[in-house]
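Please work through the following exercises with the sequence and the model at hand.

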Amino acid sequence: MNEQTVHPKDDNSMALGSMVVGILSIVTSCCCCGGVILGSLAVVLACLSRVETYFDKRAKIGLTCGIIGMLLSLAACVVILVYLAASSFGPVGSGFYY
Amino acid sequence: MDIKRSDLKLYARRSLQGNWGSVIGATLICMGITYLFVLALDAVLFAALGSGVKTLIGIFSAAQPAAAASPTGGLSVGTLILILVILYFVYLVVLLLMSVGYQRLYLDVASGQKAKVTTLFWAFAHKPWKFVLISVLIALLEGITAAPVYIMSVAAALSGGSGFAAAFLLVYEILFIIIYAYVLLTFSQFYLILVEDPEKGIFEALSESQRLMKGNRWKYFVLQLSFIGILFLGAFSFGLATLWLSPYMGCTLALFYLALKGSVPEKLKRSPAQTAPTGSYASYPYQERPVAQQGGSYPVPPQAGSYPPPVQAPPQPGSAPVPPQAGSYPPPVQAPPQPGSYPPPVQAPPQPGSYQTPVQTPPQPPMQPGAAPVPPQADAAPVPPQADSAPVPPQADEYQEPVYKEPEYEYQEPVYKEPEYEYQEPVYKEPEYKEPEYREPEYREPSDPPGQQ
């Protein structure tokens, strides 16, 4: 007999939430804190959504997007800080004064 | 305890699936109540401060204090401070009882029950003063054990600091931390034991916790430490993730307690893909759930009263055969032949996947000696065999091929019933002591060693 796996109705709302929050974290990564807050939340939700021995597909997406959002947000923070520092103390800042 | 740490966490996530709304709702309610209390405390505190400042100003400037016009309604500073102390005590008691309710909520979830928000207030109706008393005693013990540190610190500060005081503080604090951690780990299950059964005595719960944690302290410690990573990650979300993390941690610790007792619910050990009601397979136990057969056809679940196939009573000789009902199960069998008919009925070959149809043996009428079976005639009653008549050979054109009708299967959606888990208290049976039977040792005559003859 050729056996097939019976898949249940997918009702893992945590994985769905993780995916949504992860995508939002990428969208808001240009804001300093948005990406970090939502990204870390997406990673936490993805970790908590694992009720099997493997990750749900949407949880994987949420996890990946959350990490990317956090990294982008951190990069944005670094860039802004470097630019502010340079504009205050370096030659870049002189460009503001005509 | 033979359950791995990762499995405990997996079970906690499974137990929380479907209960997240309730536990997060309980957290939000608890936060709201705490916030209201803090607001009230702040209001009384500022009123007392304001009243005190006005009193001081009145004393020093010898002006009339405008007590009647004050927002406190003319309450004195002492009254306000008394209200503040009482309110603070009520706040602590409510907070403590709600934290006990949290433990109960997590224990319910870990036990596989449906979470209810009202469980948050469970401790208000189940021996509330017992929990308050325990907390006061624990706080007193902590205060007494930490007292030497405070005394030595004050003494060292007053004396300008000395090497002896610094060394004493260092050694005492290290020892204090080690002993404190050991005691905490030993009695870590104390609250959960009392929450599970509030009727238990304090010392009984303490000794049970000690018994349960024997050999498992390090596992509990590592389990607590293993949450550091996800808590660190949750800290980036400015506390937003704690809404999910605190129930997760609470349920994991409650499951640790259940694992120590060996009463982790079996349904948490199974994958939700197997336990969830999934359409047409809902009524099957997860282990015996059938899978799709080749060709996409599913086995028809047995209906109540339809399996095994009903055994039909053999028709009486001479009675009219009962025609098969359309749509009945098992597949209709040809009409039983009339008594004395020839040839014997030919049954249709069983279809693949169909149940074995019951083989019905047609009743044979009592044959008279010398009688031969008479071929049946259409619409004719069975002709009784006549004696001394010549046997009539069967004619080929009288034989009718039985027509096999495909049975119609009506598939009915089975109804999923949630299996009920009832916890049964294990009954301890005293092992029966059997007196060993004494057998008289058989005396054997010692044989002569070889070579003595």
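Two exercises with worked solutions follow.

This is a predicted model, in which local features need pLDDT of at least 70, side-chain atom pairs count only at pLDDT 80 or more, and totals for chains, interfaces and linings use all residues. Residues are numbered from 1 along each chain as its sequence is written, and chains are lettered from A and ligands numbered from 1 in the order in which they are written.

**Exercise 1.** Determine the secondary structure content of chain B and the share of its residues that count as buried.

Step 1. Helices are DSSP runs of H or I with at least four residues, and strands are runs of E with at least two, numbered from the N terminus. Chain B has eleven helices and zero strands.

Step 2. A residue is buried if 20 or more other C-beta atoms, placed from the backbone, lie within 10 Å of its own. Of the 453 residues in chain B, 17% are buried.

**Exercise 2.** Describe how helix 3 and helix 4 of chain B cross, and identify the residues in contact.

Step 1. Axes are lines fitted to C-alpha atoms over the stretch in contact, with angles from 0 to 180 degrees between N-to-C directions. The axes of helix 3 (residues 77-110) and helix 4 (residues 128-158) of chain B come within 10 Å and cross at roughly 105 degrees.

Step 2. Angles of 65 to 115 degrees count as roughly perpendicular; helix 3 and helix 4 of chain B are therefore roughly perpendicular to each other.

Step 3. Contact requires C-beta atoms, placed from the backbone, within 7 Å. Helix 3 of chain B contributes B:V93, B:L96, B:L97 and B:V100, and helix 4 of chain B contributes B:P128, B:F131, B:V132 and B:S135.

Technical notes
Buried ≥ 20, exposed ≤ 12 C-beta atoms within 10 Å, placed from the backbone. Parallel < 35°, antiparallel > 145°, perpendicular 65-115°, else oblique. Contact = placed C-beta atoms within 7 Å.
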